[in-house]
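User: I would like to go through a protein structure with you. Could we begin with the packing inside and then move on to the rings and helices?

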Amino acid sequence: MKFLVINGPNLNLLGVREPEIYGRQDYAALQRFIEAAATELGAEVEIYQSNHEGCLVDRIQEALGRFDGIVLNPAAYTHTSVAILDALKAVALPAVEVHLSDVSAREPFRQISYAGMACLKTYAGLGFEGYRQALRFLAAYLRGERDA
């Protein structure tokens, strides 16, 4: 299995940006965590981060035929990007949404997730662990496990 993990704007500033919300570990630590989680599953993973919406859309489109599933943390684009939603729907790869913080407990504008409308599941508020859970879910889903 091969998964694409996409991270949106400002995740490159982990450890610096609002550490009381996002934690004190940096983006390199997140990358190492994701790679270890994929290794646990015997899966391959490619990790991508961009602060630019069009680049995220391009990467989703490029996933078609190259990856078995997508783990996506669209960050601020969660609440604004119909383009990311449309790209996910267009490639029709199984996708899982991840958020480090519990967006449901934050500002009202964060309650809507356009990207989530094209995802099988969302993990929020688990910090880095949400990525491991998302990868495990996708692996089980692709193996056809009913209770994934």
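**Packing, rings and helices**

Analyst: This model is predicted. Leaving aside residues up to four places away in sequence, Tyr 131 touches Val 5, Asn 7, Leu 11, Leu 30, Ile 34, Val 71, Asn 73, Val 98 and Leu 100.

User: Which residues touch the most other members of the largest nonpolar core?

Analyst: They are Leu 14, Val 71 and Tyr 131, in a core of 26 residues. The elements giving two or more residues to this core are β1 (2-7), α2, β4 (95-99) and α5.

User: And what does the second core include?

Analyst: The second core is separate and has 21 residues, among them Leu 56, Ala 63, Phe 67 and Ile 84. As a general point, nonpolar side chains in soluble globular proteins tend to be buried together.

User: New topic. How many aromatic pairs are there?

Analyst: The count comes to two aromatic pairs. One of them is formed by Phe 33 and Phe 128, with 5.8 Å centre to centre and 55° between the planes, and this pair is tilted. Phe 33 belongs to helix α2 (residues 27-41), while Phe 128 is in the loop between β5 (121-124) and α5 (129-142). The two residues are 95 residues apart, and their pair links distant parts of the chain.

User: Are those two buried or exposed?

Analyst: Both Phe 33 and Phe 128 are buried.

User: Why is the pair of Phe 137 and Tyr 141 stacked?

Analyst: The planes of Phe 137 and Tyr 141 are at 20° and the ring centres are 6.2 Å apart, so the pair is stacked; the cut-off for stacking is under 30 degrees. Both residues lie in helix α5, four residues apart, which is about one turn of the helix.

User: Buried or exposed, what about Phe 137? And Tyr 141?

Analyst: Phe 137 has a relative accessible area of 9% and is buried. Tyr 141 has a relative accessible area of 40% and is partly exposed.

User: What sits over the ring of Tyr 48?

Analyst: The charged end of Arg 59 does, 3.9 Å from the centre of the ring.

User: Now the helices. How do the axes of α3 and α4 cross?

Analyst: The axes of helix α3 (residues 53-62) and helix α4 (residues 82-91) cross at roughly 5° and come within 9 Å. That angle makes α3 roughly parallel to α4, because angles under 35 degrees count as roughly parallel.

User: Which residues make the contact?

Analyst: From α3 they are Glu 53, Leu 56, Val 57, Ile 60 and Gln 61. From α4 they are Ala 83, Ile 84, Ala 87, Leu 88 and Val 91.

Notes
Residues are numbered from 1 along each chain as its sequence is written. This is a predicted model: local features need pLDDT of at least 70, side-chain atom pairs count only at pLDDT 80 or more; totals for chains, interfaces and linings use all residues. Side-chain values use heavy atoms; hydrogens and water are left out. Rings of Phe, Tyr and Trp (its six-membered ring) pair if their centres lie within 6.5 Å; planes under 30 degrees apart count as stacked, over 60 as edge-to-face and the rest as tilted. Buried means under 20% relative accessible area, exposed over 50%, partly exposed in between (1.4 Å probe, protein chains only). A charge sits over a ring if NZ of Lys or CZ of Arg is within 6 Å of the ring centre and within 35 degrees of the ring normal. A nonpolar core is a set of buried Ala, Val, Leu, Ile, Met, Phe, Trp, Tyr and Cys residues joined through side-chain atoms within 4.5 Å. Contact means heavy atoms within 4.5 Å. Axes are lines fitted to C-alpha atoms, for helices over the stretch in contact, and angles run from 0 to 180 degrees between N-to-C directions. Angles under 35 degrees count as roughly parallel, over 145 as roughly antiparallel, 65 to 115 as roughly perpendicular and the rest as oblique.
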